[in-house]
Amino acid sequence: MVNEKYKPLLEPFELPNGVQLKNRVIMAPMTNYSSNSDGTVSDDEVNYYIHRSKGVSMVITACTYVTPNGQGFPGEFAGHTDEMIPSLRRLATAIKDEGSKAILQIFHGGRQVPADIAPNGDVVSASPIAYPAEGKPVPRELTEAEVEDIIVDFGQTTRRAIEAGYDGVEIHGANTYLIQQFFSPHSNRRTDRFGGSLEKRLTFPLAVVDEVQRIVKEHATTSFIVGYRFSPEEPETPGITMSDTLVLIDELSNKNLEYLHVSLMDFWSTPKRGIEDTRSRIEIIQEAVGDRVPVIGVGSIYTAADAGNALASGIPLIGLGRGLLIDPDWVQKIEQGREEEIVTKLDLDKQQELVMPTPLWNRIINNPGWVPGV
């Protein structure tokens, strides 16, 4: 029997386009470094998703790159050519067969693309400003024509997602990748129509949204989901502040999206600068968005109580990332009234049982603290 306390987590939810989600729990996108060298989805990757797709209502995949020079990591699956549609379809089918909506996250790594992965070492971004970390290359500034081409590429990868059978796409405007690089005053020092003022720095992100939605209108039904993920602040000066983000989400909230997804390591983190408000970022964002578009909140949610408290904040949808790495049966345990059995520390003896691909497992082991118990 379901504990009454946690029933709200299992309640269905209707997205703005009428699509019904079976519950409020979403699998958040996490890079797994486990695709084949040719950019196709691997067997281990498919099995990893199958093992985590049954309980949640929606699975947002790891990011897939929309152009050859957009690949951000080794072992990342590709979506930049029609030849990749069978690979994309294989993953979509595997997720949907478990009863979850399949959402393909689409992105371009920009200046975060490693030089040894970028074709001919050509790392690109909004401006020739390196990411502030040791060993990061100075990117080449994209021409206006190249920026326009990348906008089209986001649309074409969306078309491939439609043809591959996905239920939707998530535009990855977070985590310091290219879309965020155009919005950020740190990485965007352009003086053309794609940079300068806050409004001009919004041009590229909003153009990507418009192009994706244009392709959806042309190639998909009204049930196709389009979401947008963003990071609310940057530590750099100059950098994105909460006041900047409130302008961004106001624009996005008027774009008829199915959801906005806040990228946070801690659900309850508070603003660093830009506004005087002691509430959590997520509560400020939810208030600003209102009922215009649903918000997915994420960040260090491991127990049923964590998720229940997060939902009680007013956020309608909860994203689980690391929690599902540690316990793929997280939702099922709540459904069965076994929430006390949810595992919150990674068992280092259970890689096979957890169906964790070796490249991902090694990344976790070599990054102590990212997953509890390591």
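**Notes on a parallel barrel and its surroundings**

1. Strand S9 (residues 225-230) runs parallel to strand S10, and four bridges join the two. Strands and helices here are DSSP runs numbered from the N terminus, with at least two residues (E) for a strand and at least four (H or I) for a helix. Two strands pair if DSSP finds at least two bridges between them. Phenylalanine 230 has valine 262 as its bridge partner in S10.

2. A word on the source before going on. This is a predicted model, in which local features need pLDDT of at least 70 and side-chain atom pairs count only at pLDDT 80 or more, while totals for chains, interfaces and linings use all residues. Residues are numbered from 1 along each chain as its sequence is written, and side-chain values use heavy atoms, with hydrogens and water left out.

3. Now the strands as a set. S9 and S10 belong to a closed barrel of eight strands, in the order S3-S4-S5-S8-S9-S10-S11-S12, with parallel pairing. Neighbouring strands of this sheet are turned by 30 degrees against each other on average, direction ignored. Axes are lines fitted to C-alpha atoms, for helices over the stretch in contact, and angles run from 0 to 180 degrees between N-to-C directions. Strand S4 (residues 58-65) pairs in the parallel sense with strand S5 (residues 101-107) over six bridges, and methionine 58 has lysine 101 as its bridge partner in S5.

4. Back to S10 (residues 259-262): Tyr259 and His261 point one way and Leu260 and Val262 the other way, and all are buried. Buried means under 20% relative accessible area, exposed over 50% and partly exposed in between, with a 1.4 Å probe and protein chains only.

5. Next, a helix pair. The axes of helix H4 (residues 144-163) and helix H7 (residues 203-219) come within 9 Å and cross at roughly 35 degrees. Residues in contact, with heavy atoms within 4.5 Å, include Ile151, Phe154 and Arg159 in H4 and Phe204, Glu211 and Ile215 in H7. By class, this contact has twelve nonpolar, four polar and two charged residues. Ala, Val, Leu, Ile, Met, Phe, Trp, Tyr, Cys and Pro count as nonpolar, Asp, Glu, Lys and Arg as charged, and the others, Gly among them, as polar.

6. Rings of Phe, Tyr and Trp (its six-membered ring) pair if their centres lie within 6.5 Å, with planes under 30 degrees apart stacked, over 60 edge-to-face and the rest tilted. Tyrosine 48 is buried at 0% relative accessible area, and tyrosine 49 is buried at 0%. Phenylalanine 182 and phenylalanine 194 are edge-to-face because their planes are at 75 degrees, with centres 6.3 Å apart. Ring pairs also link Tyr33, Phe73, Phe107 and Tyr177 into a cluster.

7. Threonine 245, in helix H8 (residues 242-253), counts as buried because its relative accessibility is 0%. Threonine 358, in helix H13 (residues 358-365), is partly exposed at 41%. Threonine 358 and asparagine 32 are 326 residues apart in sequence and 9.2 Å apart in space, C-alpha to C-alpha.
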